[in-house]
Amino acid sequence: MKLSRRSLLATTTAAVAACAAPAAAASGPAHEGGRRLRTGFERLAADGYGLLDGRRVGVVTNPTGITREARHIVDVMHADDRVDLTAVFGPEHGFRGTAQAGGSEGRHDDPATGLPVYDTYLKSGQALADIFTASGVDTVVFDIQDVGARFYTYIWTLFDCMESAALAGKRFVVLDRPNPATGRAALGPVLHKEFATFVGRQPVSQAHGMTVAELALLFNGEFLTTPVPLETVRMSGWRRSDFYDASGLPWVPPSPNMPTPETALVYSGTCLFEGTNLSEGRGTTRPFELLGAEGIDGRWADGANALGLGGVRFREAYFAPVFSKFQGKTVGGVQLHVHDREEFDPVRTGIGLLITAKRSWSGFAWRPDHWIDKLTGSTRVRTMIDAGAGPDEVAAGWQEELAGFRRTRREYLLYR
């Protein structure tokens, strides 16, 4: 069964209309001639939580689910008699964010609120549906800050939760937040279904250029076998060209290695180094902006700069990760310096860096499990680089599939 875009957006519009009028009363600074961003949660709260009236509510969230005043939405709703908040569902890294990559907090009671916290990490299908059923909720609310890359797992937590909520007969509400890398364009290769994993369940481009509410509509309309009863609360005051600093919102790291919005800006390209034997900067203060390995010298930075990639320069850099690859060892490599965000293309930059790393360092190798294929969505990027292709040739290989995704994506965009 597939829902039409018309029926999907009718549901969304009803939710938005319910929240639209009271939102003007919300407090906070304005920008750009009085335009002020209001998140989905701000608009929901300003409407007196009308969408949740009479519902037993569970929230899928993590430390990024905060208000403009840096209060967590779970704490806010728990203290408000208008919301019957009965459960919390924690993703990778956990509800309060205490776990590192590849970890979660497990089932526990939240010390601050006493609410039961259920672990969703690596759970999907009927197993996750059973958790929703056991929790006793009838409405699942999702509010997590995404970073705009297909392989960032929270959007697949969203997908899995939507699929399982449909199985469990639950209603699903998505509260929207900005894409910190902007929503200007979809970029990079599109996932082939045979490479589907938790870093990419469905045919989405490497940088999707969408918000979580838009992705929820896309998932429901294109990918879910049984669509979930879905409502979204969109933002007001957000434009597709906005970077995160235009939002006026505090930044909370969505995961331990995503410390700043600048990290999010480069992540959809430089995370590809997880698929190599080079450090992607984990264990440093600038993950995904510092890249390197033992034996690399200034030739890599020279080669990367010679590509003339738009909006970015590369500095020869040396660093010693305190954990992850090359822990405690001094390695050489590059640091990215984005000087023009409008011109910068993170995916093409990531490809250019892979190519020049391979050309300038004889020790370059892909991870033996070919994790790079999971990240890029097929074997094409790896095999083309191995064959000596340049950045333009590699990028040309995904243009037809990207054009198809862009056409599909356009049907689900909520903002200009």
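Guide: The account below takes the salt bridges, then the cavities. The model is predicted, so local features require pLDDT of at least 70 and side-chain atom pairs count only at pLDDT 80 or more, while totals for chains, interfaces and linings use all residues. Residues are numbered from 1 along each chain as its sequence is written, and side-chain values use heavy atoms, with hydrogens and water left out.

A salt bridge here is a side-chain nitrogen of Lys or Arg within 4 Å of a carboxyl oxygen of Asp or Glu. In general, side chains of opposite charge can pair when their charged atoms come close. The structure contains 25 salt bridges. One of them joins Arg171 to Glu231, with 2.6 Å between the closest N and O atoms. This pair links distant parts of the chain, 60 residues apart: Arg171 belongs to strand β6 (residues 171–175) and Glu231 to strand β9 (residues 230–233). Helices (H or I, at least four residues) and strands (E, at least two) are DSSP runs numbered from the N terminus. Arg171 and Glu231 are both buried, where buried means under 20% relative accessible area, exposed over 50%, and partly exposed in between (1.4 Å probe, protein chains only).

Another pair is Glu280 and Arg282, whose closest N and O atoms are 3.0 Å apart. Glu280 counts as buried because its relative accessibility is 3%, and Arg282 counts as buried at 14%. Both residues also belong to a network of salt bridges that links them with Glu274 and Lys325.

Asp386 and Lys358 meet in a salt bridge at 3.5 Å, N to O. Asp386 lies in helix α11 (residues 380–386) and Lys358 in helix α9 (residues 346–360), so the pair ties together parts 28 residues apart in sequence. Asp386 is partly exposed, at 39% relative accessible area, as is Lys358, at 31%.

As for the cavities, each is a set of points, on a 1 Å grid over the protein atoms alone, where a 1.4 Å probe fits but cannot get out; lining residues have an atom within 4 Å of a point. There are 2 cavities of 30 Å³ or more, a volume being the space filled by probe spheres set on the points, which are joined across faces, edges and corners. The largest cavity holds about 40 Å³, and its lining includes Arg177, Tyr244 and Trp251.

Terms used
1 Å grid on protein atoms, 1.4 Å probe; cavity = no way out; pocket = protein on both sides within 12 Å on 5 of 7 lines; lining within 4 Å.
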